[in-house]
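Here are my notes for you to read with the model open. Take the points one by one and find each residue as you go.

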Amino acid sequence: MLEVQCLAVNYRGVSGLEPVSFQIANSQVVGIIGPNGAGKSTMMKAMLGLVPKVSGSVQYCLSPLHQQLQKVAYVPQRSQIDWDYPITVWNVVMMARTRQIGWFRTPGKAAREIVTSALEQVEMLALKHRRIGELSGGQQQRVFLARALAQQAEILLFDEPFTGVDKKTEAIIFDVFSELRSLGKILLVSSHEWGQALHRLDRLLLLNKCLIADGSPQQVMTPENLHRAYGTSLQNPLYQDWDSSLFC
Ligand SMILES: Nc1ncnc2c1ncn2[C@@H]1O[C@H](COP(=O)(O)OP(=O)(O)OP(=O)(O)O)[C@@H](O)[C@H]1O
């Protein structure tokens, strides 16, 4: 169980995230939705201690999460990654094993098998010698998904993994999410727009600085909640995309 209690962030005195609290049990894929600047990235970073919090705590299995970060895989927004860095697909994914191997030791058979399997799962093994800068946006996202898989984490945080990806990549990402859910993992995934992919989520957190709604996508995506988050309701394209009859 992951427990976030009153987590809040200020940037130079200005609120980036007002106190939010929620719990996530194992085997759940939880989406975060909210407008630009809602605090989706800030919340993930604060959970990992990457930005200082003004209040709150994050516990996993009753211990502070920051003391067990080896159990967490985090894939930041693509804008935060240096795609010109001269590193191959294989080495990006192998970085996930560095903690176990150590920086100056050659990866053994077990590490190579884990990396191979992760790359196979996202259909990127054939491109393992390519530099990451030579890939499409979808392929790049799949490489970072493979790195998260190779880390064999218990909690996985993905910040806007669907930005700039093709349909094939989107399908692969959701297949991997389903598999991770069946393995008992906790997944927290942000997106400013989910469209019909909302059906693939177990739960949705609607954020706009504070937590506006928390529940099944059907419970959260109501005109009232969207009005509170976005300032508009039925005119909101998010609502028009949403076909609640798919849940009946
Ligand atoms: N490093 C920073 N310094 C100052 N303010 C920041 C910083 N990072 C984020 N903010 C502010 O904190 C608020 C939340 O930003 P955040 O990036 O977490 O939102 P978001 O929901 O992830 O947005 P987006 O969908 O555009 O990525 C915004 O008002 C943003 O301007």
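Predicted model: local features only at pLDDT ≥ 70, side-chain atom pairs only at ≥ 80, totals over all residues.

1. Residues are numbered from 1 along each chain as its sequence is written.

2. A word on labels: helices (H or I, at least four residues) and strands (E, at least two) are DSSP runs, numbered from the N terminus. Helix α4 covers residues 109-121, 13 residues in all. From first C-alpha to last, α4 reaches 18 Å, close to the 18 Å expected at 1.5 Å a residue. That expected span is 1.5 Å times one less than the number of residues.

3. Now look at which way the α4 residues face. I114, V115, A118 and L119 are its buried residues. They cover an arc of only 130° around the axis, which puts them on the same side of α4. The arc is that of the directions from the helix axis to the C-beta atoms. The face turned away from that side carries the exposed residues K109, A110, E113 and E120. Here "buried" needs 20 or more other C-beta atoms within 10 Å of a residue's own, "exposed" means 12 or fewer, and "partly exposed" is in between, with C-beta atoms placed from the backbone. An α-helix has 3.6 residues a turn, so residues three or four places apart point the same way.

4. What covers the buried side of α4? The cover includes α2 (89-94) and α5 (137-150). V93 touches V115, A118, L119, V143, A146, R147 and A150, leaving out residues up to four places away in sequence. A contact means two C-beta atoms, placed from the backbone, within 7 Å.

5. Have a look at V143 too, which sits in helix α5. V143 counts as buried because it has 25 C-beta neighbours inside 10 Å. Apart from neighbours within four places in sequence, V143 is in contact with V89, V92, V93, M124, I132 and L135. V143 and A118 are 25 residues apart in sequence, yet 8.9 Å apart in space, C-alpha to C-alpha.

6. The largest nonpolar core has 69 residues, and V93, A118, L145 and A146 have the most contacts inside it. α5 gives the most to this core, with seven residues. Such a core is a set of buried Ala, Val, Leu, Ile, Met, Phe, Trp, Tyr and Cys residues joined through C-beta atoms within 7 Å.

7. On to the sheets. Strands pair if DSSP finds at least two bridges between them. β7 (residues 155-159) and β8 (residues 186-190) run parallel, joined by five bridges, and F158 has V189 in β8 as its bridge partner.

8. The other open sheet has four strands, ordered β2-β1-β4-β5, and its pairing is antiparallel. Five bridges join β1 (residues 2-11) to β4 (residues 55-60), and L2 stands opposite Y60 in β4.
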